[in-house]
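Here are my notes on this model for you to read beside the structure. Please keep the 3D view open as you go through the points.

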Amino acid sequence: MRVLMLTKGLDVGGAERVVADLATHLVDNGHDVEIAVISGSRLALAPLLRSRGVGVVSLPGNDRVGLRGVLAVRRSLRRGEYDVVHAHGPAAIALAGRFSPRPVVGTVHGMWRALRPASRLAVRSSSHRVHLVAVSTTVRAALPSRLRANVTVIGHGVDIAAADRAAAAAATEAAATTLRLLTVASHRPEKNYGNLLQAVAHARALGADDLHLTAIGEGPRLAAHRALAARLGLAEIVSF
């Protein structure tokens, strides 16, 4: 197949990582994949993708898409001889549904209530032209009933072979005395860092003294989570 994937950005993030993994998997299985990025300044994953044989096209849009972004998306969709268009996120879903002459699949990565009213309207207006996919049953359940009825759930995949290789490599190393924990998530309420930090504090209270948590991510709640870690006595064993 020749596939066009349309996304607002290619930051180092959750949804963007799903886009990158899917694109490289398709290429590895013999398909021709191109990713059109609406906000041309958000290209952190582009070098990785290009090294794996995925085409990346930077469009002149911005985080709010903008008129130039809309026109560029329309040109990309109408001039390319694609078998299928896969749109990620509400803006991409709305634009692909409006302008693509080819079948469109649209993946919803986030919770419906977190979308702006304009984004919700855009998805609703394009839903009859797009086959929607949700990344979890929770995301699907949060959709309005009219959209939910025709949504397919496809959970995030795990590369089992890569996980097995990593486990084998770890088994050959000397056993570490410190239990090292890792979380990768933005500092927003939905990620529930408070619960994680409470769990680490509880583990210490039960005698798990030799552990360390590394938290990778940014976001508006970072300062609050640093403060909570300090209040819980975790300042020395949690690295943000």
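1. Is the crossing in which α3 passes α4 left-handed or right-handed? It is right-handed. Keep in mind that this is a predicted model.

2. Stay with this pair. Helix α3 covers residues 66–79. Its axis and that of α4 come within 10 Å and cross at roughly 50°.

3. Val-70, Val-73, Arg-74, Leu-77 and Arg-78 of α3 make the contact. From α4 come Leu-95, Ala-96, Arg-98 and Phe-99. By class, this contact has 6 nonpolar and 3 charged residues, with no polar ones.

4. Helix α4 (residues 90–99) also packs against helix α5 (residues 117–126). The angle is about 35°, and the axes lie 8 Å apart. This crossing is left-handed.

5. Which residues make the contact of α4 with α5? On α4 they are Pro-90, Ile-93, Ala-94 and Gly-97. On α5 they are Ser-119, Ala-122, Val-123 and Ser-126. The classes here are 5 nonpolar, 3 polar and no charged residues.

6. Move on to helix α9 (residues 193–205) and helix α10 (residues 222–231). They pack at an angle of about 20°, and their axes are 10 Å apart. Angles under 35 degrees count as roughly parallel, so α9 and α10 are roughly parallel to each other. Their crossing is right-handed.

7. The contact between them involves Tyr-193, Gly-194 and Leu-197 of α9. The partners on α10 are His-225, Leu-228 and Ala-229. These residues divide into 4 nonpolar and 2 polar, with no charged ones.

8. Which element gives the largest share of the lining of the second largest pocket? That is α1, with 9 residues. Helix α1 spans 14–28. Strands β4 (84–88) and β5 (104–108) each supply at least two residues of the lining as well.

9. By class, the second largest pocket is lined by 12 nonpolar, 9 polar and 5 charged residues.

Note on methods:
Residues numbered from 1 in each chain as written. Predicted model: local features only at pLDDT ≥ 70, side-chain atom pairs only at ≥ 80, totals over all residues. Heavy atoms only, no water. Helix = DSSP H or I, 4+ residues; strand = E, 2+ residues; numbered from the N terminus. Nonpolar A, V, L, I, M, F, W, Y, C, P; charged D, E, K, R; others polar. Axes fitted to C-alpha atoms, helices over the stretch in contact; angles between N-to-C directions. Parallel < 35°, antiparallel > 145°, perpendicular 65-115°, else oblique. Left-handed = near helix turned anticlockwise from the far one by under 90°. Contact = heavy atoms within 4.5 Å.
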